[in-house]
Amino acid sequence: MQAVAERAPPEPLGRVSTDWKGAIDCDVHPHVPDIAALTRHMDDYWRETVGVRGITGFESIAYPPRAPLTVRPDWRGDKAAGRERADTDPKRTAAALMDRHGFAHSILNCLYAVQLIRDEHMAAAFCRAVNDWVRAEWLDRDPRYRASIILPLQNPELSVDEIERCAPDKRFIQVMGLAAGEQPLGKSHFWPVWQAAERHNLAVGIHSGSSYYHATTGSGWPSYYLEDYAAQSLAFHTQLGSFIAEGVFVKFPKLKLVLIESGVTWIAPYLWRLSKFWRGVRLEVPWIDRSPVEFVRDHVRLTIQPFDAPNSGETVGRLMDQLQSDQMLLFASDFPHWQFDGDAMLPGGIDASLRKKILIDNPLATYPRLVSPH
Amino acid sequence: MPLDVPMGPAVSPANGKGAGAVPNRLAVIDGDIHPAVRSMSDLKPYLAKQWWDVYETYGARRKHGSSNGEPYPKAAPLACRRDAWPEDGRPGSSLSLMQTQHLDAYNIEAGILGPLGNTGQGEMNLELSVAMCSATNDWQRDTFTRPEKRLKGGLVVPYEDGPASAKEIERCGADPDFGQVFILTRSAEPLGNRRYWPIYEAAERYNLPIGFHVFGTSGHPVSGAGWPSYYIEEGAGHSTSCQTVVTSLVIEGVFERFPKLKVVMIEGGFAWAPALAFRLDKLFERMRGEVPHLKRRPSEYIRDHVYFTTQPMEEPDDRRHVLDVMEWIGWDKLLFASDYPHWDFDDPFRAFPAGVTPEQHRRICTENGKSVFRIN
């Protein structure tokens with residue numbers, strides 16, 4: 001692992017790159033401040049349920065609020081100064097990203113942990129509340145915001161209902177679930193959901209995180225949070241294999257799958273293995289008429305933060321070349337997660353034309369609703 | 001038996017010596033050969049009547065629920081090469097066929113065994129697991145490593161019971177017929193967990209590396225994302241389970257506690273390792289407060305302690321990509337493995353892409369194996 005030891009200096013802090021104007025930030029996390037913010041968007045039954053049952057909310061161990069990764073130091077709240085975390089405030093979030101750098105849009109992926117809920121009706125109620133909260137408190141406050149429809153994937157029918165309910169609002173440009181749920185998301189169980197997404201020109205986003213229906217790893221539960229976060233990328237291996245092997249992209253040829261906060265550099269080696277294995281055992285999945293690599297080039301995109309690589313332009317360049325495509329990466333800050341310091345949002349070692357694709361062209365090609373909202 | 005041996009002269013018949021039999025041809029260390037029983041009654045002489053009766057009555061009980069097969073049926077009978085079936089028994093059960101078809105044909109100087117199947121590993125009845133693992137080791141020694149000195153055994157331990165595993169290592173570990181301790185990657189808990197430390201302590205004491213081979217029945221899907229449908233997903237997922245093992249060993253501090261321990265990741269490929277090391281290093285930088293027992297970056301532990309067998313060799317469209325990965329891992333950390341007699345067998349003279357120099361090839365096929373497996 002010599003390459004890891006290479007320590008070229010990162011981009012200088014505080015430098016705002018000129019080519020960021022018009023960029024589309026594909027992963028920004030608005031934070032639900034408390035349960036009251038959601039009950040305001042619930043009907044009487046669910047509002048009363050929350051009160052009577054003493055439900056205080058759903059926060060995931062995937063992002064412990066005080067863990068270093070969850071919120072960057074300068075975006076944290078400060079009780080003494082009477083300041084909340086920046087990600088609870090659409091204005092401060094916009095100031096840190098779109099105002100500061102001239103981004104055209106920020107795509108909001110709310111990580112409120114509806115996926116933990118075992119009761120599928122309650123999960124759907126919380127999804128409705130989260131999506132309506134995003135609409136009222138974020139989309140309506142700044143016309144540059146776009147958002148993902150958070151789905152109650154505990155139940156595909158309820159997920160389709162939520163898509164139908166939200167899709168008329170063209171500021172929703174993607175549907176979103178987490179990388180680790182009860183079943184791999186390529187299974188036919190979920191196809192009505194992907195069908196609805198395709199019908200409405202919505203991309204399908206899978207974000208790092210877990211419902212914790214299963215242990216985090218194939219060998220059970222790890223001891224440390226560090227391992228839990230590291231293992232999120234493993235769930236993406238499973239999801240990518242599932243979407244390909246089940247034939248989702250054969251069934252839904254217009255579908256775009258966006259892997260959000262997955263780590264990027266894992267994907268090429270996994271595809272080499274999957275493609276070789278496919279050559280050996282393709283009798284099992286005869287509907288797969290092309291190499292997995294080709295499906296990925298046509299249908300799968302990844303957000304660029306975190307980018308798991310050393311600060312070496314040379315190594316980054318070789319890793320970029322592994323992707324064999326300039327269309328796969330989408331710019332993302334992953335705000336407010338602490339993936340980088342200052343403004344070092346993009347790894348070094350990416351030339352100007354590829355930067356432009358990552359910042360602008362690729363997001364536009366991935367999200368049809370960004371281009372033609374009507 | 002038609003054989004396709006692409007490089008070097010035709011080999012002489014089995015001579016029981018191997019190395020030096022054919023001048024000017026690389027003497028190969030093969031890190032993954034699978035011996036098999038002809039049938040389970042091969043183990044009967046090595047099991048107390050009590051345990052044979054339990055096995056006969058209740059069968060193997062593992063955490064995938066199937067008593068006579070796999071929830072993901074293979075793409076070939078027993079996942080084996082069609083040409084590796086002896087006249088009786090199953091592939092890997094005939095020493096003479098293994099000698100002529102593999103050891104002699106590829107000039108294998110040393111082959112490291114990894115017994116799979118009903119070896120006792122993953123058996124839910126821990127007492128039965130302990131007894132069967134011992135039986136497997138004794139059978140392996142009598143059937144393969146004593147008659148054929150080129151073969152070194154994989155010391156099978158009932159790894160869900162750490163102290164019992166340590167005892168088995170103490171029982172067999174001094175015997176030079178064993179070249180490694182053999183564990184499967186899909187364990188009940190992540191393998192860096194302290195319940196497994198007695199295994200590492202004993203292995204370190206006997207100068208045995210741990211070979212972590214893919215498969216195993218943990219009862220958990222390979223990631224938190226649930227159970228996939230197909231064998232292709234199960235197979236591709238093995239590299240995922242290897243990442244779980246390496247992550248856990250490093251982050252739990254196993255290499256701090258057992259600084260002489262060497263481990264070999266078997267049959268999961270290797271190309272995933274740099275990306276994992278990059279990821280762990282970044283996370284370590286953010287969260288070292290959570291893991292104060294680690295004195296160095298994760299990539300440094302991996303660099304010093306973890307070896308990778310190359311089969312099944314990753315094959316990107318552009319071979320430079322896999323050469324980059326091999327360079328990042330280090331040419332001293334990659335070990336050739338054939339996976340004989342399985343269908344996805346790698347040939348030591350054909351598996352590697354152009355661009356691997358003869359010197360690098362020699363290190364992967366010969367030198368590195370000597371520095372990690374207990375061969376001499």
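**A chat about chains A and B**

Visitor: Hi! Which residues is B:Cys133 in contact with, leaving aside its neighbours within four places in sequence?
Guide: Hello! In this predicted model, B:Cys133 is in contact with B:Thr119, B:Gly120, B:Gln121, B:Val156, B:Val157, B:Pro158 and B:Glu168, once neighbours within four places in sequence are left aside.

Visitor: And where does B:Cys133 lie in chain B?
Guide: B:Cys133 lies in helix H3 of chain B, which covers residues 126-145.

Visitor: Is B:Cys133 buried or exposed?
Guide: Buried, because its relative accessibility is 0% and the cut-off for buried is under 20%.

Visitor: How far apart are B:Cys133 and B:Asn118 in space?
Guide: Their C-alpha atoms are 9.1 Å apart, and in sequence the two residues are 15 places apart.

Visitor: What does the side chain of A:His29 make a polar contact with?
Guide: With the side chain of A:Asp334, at 2.9 Å. Beyond neighbours within four places in sequence, A:His29 is in contact with several residues, including A:Asp87, A:His207, A:Glu261 and A:His337.

Visitor: New topic: how many residues of chain A are in contact with chain B?
Guide: 77 residues of chain A are in contact with 79 residues of chain B. The two chains bury about 6500 Å² between them, and 59% of that is on carbon and sulfur atoms.

Visitor: How many salt bridges does the rule find across that interface?
Guide: Eight. One salt bridge joins the side chains of A:Lys276 and B:Glu315, at 2.8 Å from N to O.

Visitor: Which element gives the largest share of chain A's side?
Guide: H8(A), with 15 residues. By class, the side of chain A that touches chain B has 38 nonpolar, 25 polar and 14 charged residues.

Visitor: Last one: what does the pLDDT of chain A average?
Guide: Chain A averages 94, and 95% of the residues score at least 70. Over residues 3-14 of chain A, though, the pLDDT is below 50. Where pLDDT is low, the predicted coordinates should not be read in detail.

Conventions. Residues are numbered from 1 along each chain as its sequence is written. Chains are lettered from A and ligands numbered from 1 in the order in which they are written. This is a predicted model: local features need pLDDT of at least 70, side-chain atom pairs count only at pLDDT 80 or more; totals for chains, interfaces and linings use all residues. Side-chain values use heavy atoms; hydrogens and water are left out. A polar contact is a pair of N or O atoms within 3.5 Å; within protein, one must be able to donate a hydrogen and the other to accept it, and residues adjacent in sequence count only if both atoms are side-chain atoms. Contact means heavy atoms within 4.5 Å. pLDDT is the predictor's confidence in each residue, from 0 to 100. Buried area is the accessible area (1.4 Å probe) that two parts lose on being put together, summed over both. A salt bridge is a side-chain nitrogen of Lys or Arg within 4 Å of a carboxyl oxygen of Asp or Glu. Helices (H or I, at least four residues) and strands (E, at least two) are DSSP runs, numbered from the N terminus. Ala, Val, Leu, Ile, Met, Phe, Trp, Tyr, Cys and Pro count as nonpolar, Asp, Glu, Lys and Arg as charged, and the others, Gly among them, as polar. Buried means under 20% relative accessible area, exposed over 50%, partly exposed in between (1.4 Å probe, protein chains only).
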